[in-house]
Amino acid sequence: MSLCDDTLLCNFPKCRIKLSGFAWVTACSHVFCNLHGSGELSRCPAICPACGSALSGKLDIARKELSPSEGYKAMVLAGLRPDIILDISSRAMAFWSYQVQQEHMYQEYNLSRAEAQVKQMEKMLTQQNQSRELEMSAMRGEIVSLKKVMEEYKKKYSEVSERLMERNRQCQKLQGLYDSLKLRNMVVGAGDREMPPPPHQHPDFPAGPARQATPQRSPLFFSFGPEAEGRVFSCPEAEGGKSFQFSSPARDKSWPFNNKH
């Protein structure tokens with residue numbers, strides 16, 4: 001507030017509004033708005049809300065019109081000696097200067113409080129930044145360790161994948177072997193169920209009573225083709241099945257063969 005500013009502020013701590021209309025002035029050089037002045041200074045005994053001074057005198061409190069009429073201005077100091085007029089004017093100017101000084105002091109106090117709060121907030125911000133930096137460094141270390149763990153898991157995963165692929169290949173091989181054995185057993189079973197009738201005696205085979213085949217040494221014949229020109233002779237032994245294959249001699253039309261049809 002400067003001297004050229006003609007607006008005073010209410011000295012009530014929680015008000016601080018610009019005065020207009022009527023104002024309450026105290027002997028302790030404080031001024032209040034009409035609302036707080038009429039409420040706080042109407043008590044008996046009156047206590048100044050700004051400084052706590054007792055206002056017991058008759059002229060310690062005065063209600064002033066801030067924008068007096070021209071008639072009031074012409075009559076308020078009329079008839080007084082110049083020294084009294086100057087004294088009244090000087091006291092009024094001192095009141096105004098005191099209000100300006102108090103306002104400056106109040107603003108400086110608010111500024112100092114704001115600066116203290118700013119410094120405290122800067123200190124807190126610095127501490128928070130330091131704590132955040134520590135947390136970030138810890139998180140960076142944790143990220144590095146997690147990356148190492150992830151690399152180890154990737155390596156283990158690749159090893160397990162290779163082992164799984166190898167097992168799958170082995171499983172496919174075993175499945176193929178199982179299918180071939182199953183097909184072979186089906187073919188052997190079909191040959192046992194449909195045994196072809198024995199052919200006529202061949203000249204190269206010795207005549208005589210046929211040897212009775214035992215269950216363990218029963219010969220098996222596998223025919224290939226519609227004319228049964230190629231046969232497979234199988235004689236399972238006790239140690240395991242052994243088989244050999246022979247081809248029939250050149251077929252002569254004079255040799256009788258029974259066609260299996």
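Glutamate 40 and arginine 43 meet through their side chains in a salt bridge, 3.7 Å from N to O (a salt bridge being a side-chain nitrogen of Lys or Arg within 4 Å of a carboxyl oxygen of Asp or Glu). Glutamate 40 comes out as partly exposed at 22% relative accessibility, whereas arginine 43, at 54%, counts as exposed. The cut-offs here put buried at under 20% relative accessible area, exposed at over 50% and partly exposed in between, with a 1.4 Å probe and protein chains only. The model is a predicted one, where local features need pLDDT of at least 70 and side-chain atom pairs count only at pLDDT 80 or more, while totals for chains, interfaces and linings use all residues. Residues are numbered from 1 along each chain as its sequence is written, and side-chain values use heavy atoms, with hydrogens and water left out.

By the same rule, the salt bridges come to 6. One of them joins lysine 73 to glutamate 70, with the closest N and O atoms 3.8 Å apart. These two residues sit 3 apart in helix α2 (residues 70-75), so about one helical turn separates them. Lysine 73 is partly exposed, at 48% relative accessible area, and glutamate 70 is exposed, at 61%. Another salt bridge links the side chains of aspartate 87 and arginine 91, at 3.4 Å from N to O. Aspartate 87 is partly exposed at 35% relative accessibility, while arginine 91 is exposed at 60%.

As for the overall layout, the protein has 3 helices and 8 strands; helices (H or I, at least four residues) and strands (E, at least two) are DSSP runs, numbered from the N terminus. Read from the N terminus, the order is β-β-α-β-β-β-α-α-β-β-β. Of the 261 residues, 14% are buried. The protein exposes about 21300 Å², with carbon and sulfur atoms supplying 58% of that area, as worked out by the Shrake-Rupley method with a 1.4 Å probe, where for residues only the protein chains shown count as cover. Among contacts between residues at least 6 apart in sequence, 40% join residues at least 24 apart, a contact being heavy atoms within 4.5 Å.

The largest nonpolar core has 18 residues, and Leu8, Cys10, Leu19, Val31 and Phe32 touch the most other members. Such a core is a set of buried Ala, Val, Leu, Ile, Met, Phe, Trp, Tyr and Cys residues joined through side-chain atoms within 4.5 Å. Two or more residues of this core come from each of β1 (22-26), β2 (31-33) and α3 (82-193). Setting aside neighbours within four places in sequence, leucine 19 contacts Thr7, Leu8, Leu9, Cys10, Val31, Phe32, Cys33 and Leu66.

Turning to the rings, arginine 16 lies over the face of tyrosine 106, 4.1 Å from the ring centre. Likewise, arginine 63 has its charged end over the ring of phenylalanine 22, at 4.0 Å from the centre. For a charge to sit over a ring, NZ of Lys or CZ of Arg must be within 6 Å of the ring centre and within 35 degrees of the ring normal. Tryptophan 96, found in helix α3, counts as buried at 18% relative accessibility. Between tryptophan 96 and histidine 30 there are 66 residues of sequence separation, yet their C-alpha atoms are 9.8 Å apart in space.
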